[in-house]
Amino acid sequence: MFKARMINNLPSAAKIIKNLDFGTAVGLTKTAKEGQAAVFGAAKGAFKGPNTWLKSPVGIKITPATPRTMRSEVKTSAKFLPLQDEGGTKLPYGNHLCIPATKGPLAGRRRIPPAMRPKALMDSGKGFITTTKSGTKIMGVRGLKSRGKYAGFTIMYIMVPKAQIKAAKVFHDPIQKVVDRRLKINIRNGIDHALKTMR
């Protein structure tokens with residue numbers, strides 16, 4: 001003879017749906033955080049310098065998802081990044097861009113010291129602008145060093161009206177790869193955990 005047994009602690013449909021939504025939001029947010037980390041790694045590999053801007057107020061941020069919004073995003077307000085990411089023509093704010101001379105003291109430097117930047121050189125009175133016989137505009141200094149390779153006249157920058165920027169692919173592509181690989185897994189894991197810990 002079989003005896004019927006009543007189960008009274010089954011979760012309501014509303015509670016199950018609530019936890020499904022919560023787990024999905026957790027998965028979306030985790031994916032955004034992984035996308036953010038992927039951008040950090042790509043930018044550090046592609047750009048010279050310490051890249052302190054990545055975690056600055058204009059750097060790479062995320063918006064976490066919530067059960068109500070079901071939307072998470074990786075974002076930045078760094079104005080230079082779209083051009084660096086996608087490539088294109090860079091135009092100056094003034095009349096010219098200053099490109100470090102290939103045989104000058106700044107060639108290959110990962111970071112240009114503040115005192116060696118174009119405005120600082122001009123403001124110091126050491127820098128001057130001239131045009132070569134071939135018509136190339138340059139910024140140079142005299143007496144950068146008292147002796148040795150950079151004593152006397154030194155070309156610091158070549159001045160050009162525009163420059164072509166090669167696509168660095170440090171934002172959209174790394175994020176898309178994370179989404180393709182991890183989104184479904186993260187959402188599934190988020191839902192599984194939410195249902196297992198549901199009360």
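How many helices and strands does the protein have? In this predicted model, there are four helices and eight strands. Read from the N terminus, the elements follow the order α-β-β-α-β-β-α-β-β-β-β-α.

The overall dimensions were computed next. The C-alpha trace spans about 105 × 30 × 25 Å along its principal axes. The radius of gyration is 28 Å, whereas a compact globule of 199 residues would have one near 16 Å. Of the 199 residues, 29% count as buried. Contacts between residues at least 6 apart in sequence were also examined. Among these, 60% join residues at least 24 apart.

The largest nonpolar core comprises 14 residues. Those with the most contacts inside this core are F47, W53, L54, I60, V74, L81 and F171. Helix α1, residues 13-46, supplies the largest share of the core, four residues. A second, separate core holds eight residues, including M139, M156, Y157 and M159.

The surroundings of L54 were examined individually. Residues up to four places away in sequence are not counted here. On that basis, L54 touches F40, A43, K44, G59 and I60. I60 is also listed with L54 among the residues with the most contacts inside the largest core.

T29 lies in helix α1. Its relative accessible area is 12%. T29 therefore counts as buried, the cut-off being under 20%. Again leaving out residues up to four places away in sequence, T29 touches I62, P64, A65 and S72.

Aromatic contacts were considered next. A pair of aromatic rings is described by the distance of the centres and the angle of the planes. The structure holds three aromatic pairs. One of them joins F47 and W53. This pair is tilted, with 6.5 Å centre to centre and 45 degrees between the planes. Both F47 and W53 are buried. W53 forms another aromatic pair with F80. Here the geometry is edge-to-face, with 5.0 Å between the centres and 80 degrees between the planes. The W53 and F80 pair links distant parts of the chain, 27 residues apart. W53 sits in the loop between α1 and β1 (60-63). F80 sits in the loop between β2 (73-76) and α2 (81-86). F80, at 39% relative accessibility, counts as partly exposed. Together, F47, W53 and F80 form one aromatic cluster.

Strands of a sheet pair through backbone hydrogen bonds, either parallel or antiparallel. An open sheet of four strands has the order β4-β7-β6-β5, and its pairing is antiparallel. Strands β4 (97-100) and β5 (127-131) stand at the edges. Each has a single partner strand, so one side of each is left without a neighbour in the sheet. On average, neighbouring strands of this sheet are turned by 35 degrees against each other, direction ignored.

Strands β6 and β7 were inspected in detail. β6 covers residues 137-142, and β7 covers residues 153-160. The two strands pair in the antiparallel sense over six bridges. V141 stands opposite T154 in β7.

Methods
Residues numbered from 1 in each chain as written. Predicted model: local features only at pLDDT ≥ 70, side-chain atom pairs only at ≥ 80, totals over all residues. Heavy atoms only, no water. Core = buried A, V, L, I, M, F, W, Y, C linked by side-chain atoms within 4.5 Å. Buried < 20%, exposed > 50% of the residue type's maximum accessible area, 1.4 Å probe, protein only. Contact = heavy atoms within 4.5 Å. Phe/Tyr/Trp six-rings, centres within 6.5 Å; stacked < 30°, edge-to-face > 60°. Pairing = 2+ DSSP bridges. Axes fitted to C-alpha atoms, helices over the stretch in contact; angles between N-to-C directions. Rg over C-alpha atoms; globule rule 2.2 N^0.38 Å.
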